[in-house]
Amino acid sequence: MRVPESVSGCNFFSMPTKTSTKRPKPARRKPRADAQRNRVRVLEAAKQAFTRHGANASLDDIAKDAGVGAGTLYRHFPTRDALIEAVYRTEVEKLAAAEGKFAASLPPLEALRAWMLLFVDYIEAKHIIAPALNTYAGGASKLYESSRAQVSGAIDALVKRAIQSGDIRKDIEPFDLLRALIGVSSSMGSGPDWPQSAKRLVDILITGSRPTK
């Protein structure tokens, strides 16, 4: 709507300086514990449903499997695209968060190995929900692109830590390790054995990254 010329030169929504008082913004409330649990249950049920039935899985059935009402599902995820995106982003967030957990609880080389094994699980989950992601209105490639920084940041931190401890060589490129695992999943297609092959490759890659004596 065009602003009338009579008010276009002033801040129409401001209050006079002398009488205005700044009120503190109300603190943003954290989600209630039960609401958070409901969201987690919906995401897990959605992941399983998209695995079994593809992108057209019934949202009402997902709500039923999660043990919540349809209204609760739609309150968290108003559209199918929103739910599909949330399922994928949750998998990425789990992978990214694991970097800090492993780094805090394991020696550098073991932390790197544990995270790479989890990365194989992430690839498997990504394959499982890929048909659903391909229906995402924003395009699956945009979702993948947005997750790349999180994944790269995690592997970079773990490799840097292992280099500093002297457990692996300084010339190791972090993303090369992931490319090798992605390559196994691609070369073996949708065969049921590729995750086992990829996890065996993790140990081969770790061994090959060790400093030469």
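The legends below accompany close-up views of a predicted model.

**View 1**
T90 lies in helix α4, which spans residues 80-105. With a relative accessible area of 18%, T90 falls under the 20% cut-off and is therefore classed as buried.

S147 is found in helix α6, which is made up of residues 140-164. The relative accessibility of S147 is 4%, so this residue counts as buried. The side chain of S147 is joined to the side chain of Y88 by a polar contact of 2.8 Å.

Helix α7 comprises 14 residues, 174-187. From its first C-alpha to its last, α7 reaches 21 Å, which is close to the 20 Å expected at 1.5 Å a residue. The buried residues of this helix are P174, L177, L178, L181, V184 and S185. Because these residues cover an arc of only 115° around the axis, they are placed on the same side of α7. On the other side of α7, S186 and S187 are exposed.

**View 1. The packing of helix α5 against helix α8.**
Two packed helices are described by the angle between their axes and the distance between the axes. Here, helix α5 (residues 108-133) packs with helix α8 (residues 194-209) at an angle of about 155°, and their axes are 10 Å apart. Angles over 145 degrees count as roughly antiparallel, and α5 and α8 are therefore described as roughly antiparallel to each other. The crossing in which α5 passes α8 is right-handed.

**View 2. Thr212 in the segment after helix α8, shown with Arg169.**
T212 is located in the segment after α8. Its relative accessibility is 69%, and because exposed residues are those over 50%, T212 counts as exposed. T212 and R169 are 43 residues apart along the chain, and in the model their C-alpha atoms are separated by 8.1 Å.

Terms used
Residues numbered from 1 in each chain as written. Predicted model: local features only at pLDDT ≥ 70, side-chain atom pairs only at ≥ 80, totals over all residues. Heavy atoms only, no water. Helix = DSSP H or I, 4+ residues; strand = E, 2+ residues; numbered from the N terminus. Buried < 20%, exposed > 50% of the residue type's maximum accessible area, 1.4 Å probe, protein only. Expected span 1.5 Å × (residues − 1). Arc of directions from axis to C-beta. Axes fitted to C-alpha atoms, helices over the stretch in contact; angles between N-to-C directions. Parallel < 35°, antiparallel > 145°, perpendicular 65-115°, else oblique. Left-handed = near helix turned anticlockwise from the far one by under 90°. Polar contact = N/O pair within 3.5 Å; in protein donor to acceptor, adjacent residues only side chain to side chain.
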